[in-house]
Amino acid sequence: MLGNLKPQAPDKILALMGEYKADTRQGKVDLGVGVYKDPNGLTPVMRAVKKAEQKIWETQDSKAYTGLAGTQEYRDAMAGLVLGDAAADRLASAATVGGTGAIRQGLELIRMANPEAVVHVSDPTWPNHLSILKFMGQDFVEYPYFDNDTRGVDFDAMLNGIGKAKKGDVVLLHGCCHNPTGANPTAEQWDAIAESLEKTGAIPMIDLAYQGFGDGLDADAAATRKLAERLPEVLIAASCSKNFGIYRERTGILMALGEGGEARDLTQGAMAYLNRQTYSFPPDHGARIVSTILEDADLAADWKAELEEVRQTMLGLRKQLAEELRDLTGSDKFDFIEHHRGMFSRLGATPEQVAKMKEDSAIYMVGDSRLNIAGLNKDSVPVLARAIVEAGV
């Protein structure tokens with residue numbers, strides 16, 4: 001039986017990691033993998049996370065199963081973080097295995113509710129969105145998003161694209177810090193997106209993987225909250241991997257906003273059922289870390305302070321890189337790097353230019369020229385800037 005399996009194409013980012021590890025050159029720079037790194041190249045455990053784990057160790061008296069949808073404490077804490085005080089009476093939610101698990105369970109929920117739904121996905125998007133959709137056999141189409149000339153959102157084309165969605169279709173949106181481009185709609189453009197969804201009857205599914213990495217916790221949730229307030233049905237897949245730095249704990253949540261009442265209870269039951277079929281009870285340790293932090297005023301304040309330090313570090317690196325490139329080129333063509341938000345920016349380089357930077361300067365980034373800003377430090381920024389110019393980007 002197993003001999004009938006077919007070879008699978010390797011994940012491009014994981015393959016890039018292998019190349020980077022095998023490179024023996026001094027001063028090599030890893031801008032591929034989407035994890036936050038401090039100036040020393042480490043992904044640290046946040047202060048509040050360590051304190052929360054200590055508190056859990058001291059007080060937890062059982063490792064018994066939680067509920068199929070995870071603990072109510074975690075789900076309430078995440079609802080407050082993502083949605084604020086709005087929409088509690090319309091909300092069904094379930095803890096998931098990371099943000100990827102939330103995406104998968106959300107797509108499964110869509111398929112249960114409307115097998116005819118078409119999912120509309122931005123071009124480009126996080127590659128795993130497309131991989132999961134293809135593996136599931138889920139119908140999808142891509143809508144225009146990124147302008148390779150301006151390195152910003154091609155909003156007219158985007159709006160025209162999502163406007164083609166039909167009632168009952170799903171439009172997959174990045175709530176903030178678009179991956180892989182770093183380019184995001186403005187507040188006014190989000191109003192237009194909401195208006196388009198109201199007109200077509202399509203349902204937004206929001207991937208919120210980087211809340212707190214862009215313009216701040218509340219600012220990064222503003223678009224999600226806007227859609228939640230205006231539209232009758234909204235799906236949200238949120239991740240705690242980045243903003244809590246608990247990547248390996250696989251902590252995520254799927255939220256569904258509907259009519260409330262019986263419809264909410266029906267959705268809640270379906271989400272618990274999906275968890276049961278997939279992995280039964282969701283993992284608890286990361287979820288308990290998150291709820292412990294968010295329910296403790298002192299821990300929450302310390303977490304928010306450290307998260308803000310992380311955000312400001314990335315903004316500082318963006319500013320430094322844009323300035324270095326401005327000095328080297330005598331132009332403002334790379335100023336978009338400073339305006340992008342989150343961990344990523346798409347340079348607009350060709351695969352050949354990306355390969356040249358790897359070969360000549362030991363700089364590793366994904367072939368579509370997505371670079372992880374958090375993989376830089378103040379010393380590697382000038383190295384990258386020179387490589388970009390020498391590659392003719």
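This is a predicted model: local features need pLDDT of at least 70, side-chain atom pairs count only at pLDDT 80 or more; totals for chains, interfaces and linings use all residues.

Trainee: How does the lining of the largest pocket divide into nonpolar, polar and charged?

Mentor: In the lining of the largest pocket, 21 residues are nonpolar, 12 are polar and nine are charged.

Trainee: What about the second largest pocket, what volume does it have?

Mentor: Its volume is about 520 Å³. This second largest pocket is lined by 22 residues, and the closest to its centre are Leu109, Ala113, Ile203, Glu233 and Thr267. Two or more residues of the lining come from each of α4, β9 (234-239), β10 (251-257) and α9 (262-278), and α9 gives the most, with five.

Trainee: And the classes in the lining of the second largest pocket, what are they?

Mentor: There are 14 nonpolar residues in that lining, along with four polar and four charged ones.

Trainee: Switching to helices: at what angle do α4 and α5 pack?

Mentor: The angle between α4 and α5 is about 40°, and their axes are 11 Å apart. That makes α4 oblique to α5, and the crossing in which α4 passes α5 is right-handed.

Trainee: Which residues make the contact between α4 and α5?

Mentor: On the α4 side they are Thr100, Ile103, Arg104, Leu107, Glu108 and Arg111, while α5 brings Asn128, His129, Ile132, Leu133, Phe135 and Met136. Of the residues in this contact, six are nonpolar, three polar and three charged.

Trainee: There's also α3 and α10. How do their axes cross?

Mentor: The axes of α3 (residues 72-83) and α10 (residues 285-294) come within 9 Å of each other and cross at roughly 60°, and α3 and α10 are therefore oblique to each other. Their crossing is left-handed. In the contact, Glu73, Tyr74, Ala77, Met78 and Leu81 of α3 meet Ala287, Val290, Ser291 and Leu294 of α10, and by class these residues are seven nonpolar, one polar and one charged.

Trainee: Last topic, then: how many cavities of 30 Å³ or more does the structure hold?

Mentor: It holds three of them. The largest cavity has a volume of about 90 Å³, and among the residues that line it are Tyr36, Pro44, Phe213, Lys242, Glu306 and Val310. Its lining divides into seven nonpolar, three polar and two charged residues.

Trainee: And what lines the second largest cavity?

Mentor: The second largest cavity, with a volume of about 40 Å³, is lined by Tyr143, Tyr145, Met158, Leu173, His174, His178, Pro185 and Trp190. Six residues of this lining are nonpolar and two are polar, with no charged residues.

Terms used: Residues are numbered from 1 along each chain as its sequence is written. Side-chain values use heavy atoms; hydrogens and water are left out. Ala, Val, Leu, Ile, Met, Phe, Trp, Tyr, Cys and Pro count as nonpolar, Asp, Glu, Lys and Arg as charged, and the others, Gly among them, as polar. On a 1 Å grid over the protein atoms alone, a cavity is a set of points where a 1.4 Å probe fits but cannot get out, and a pocket is an open set with protein on both sides within 12 Å along at least five of seven lines; lining residues have an atom within 4 Å of a point. Grid points are joined across faces, edges and corners, and a volume is the space filled by probe spheres set on the points. Helices (H or I, at least four residues) and strands (E, at least two) are DSSP runs, numbered from the N terminus. Axes are lines fitted to C-alpha atoms, for helices over the stretch in contact, and angles run from 0 to 180 degrees between N-to-C directions. Angles under 35 degrees count as roughly parallel, over 145 as roughly antiparallel, 65 to 115 as roughly perpendicular and the rest as oblique. A crossing is left-handed if the near helix is turned anticlockwise from the far one by less than a right angle, and right-handed if clockwise. Contact means heavy atoms within 4.5 Å.
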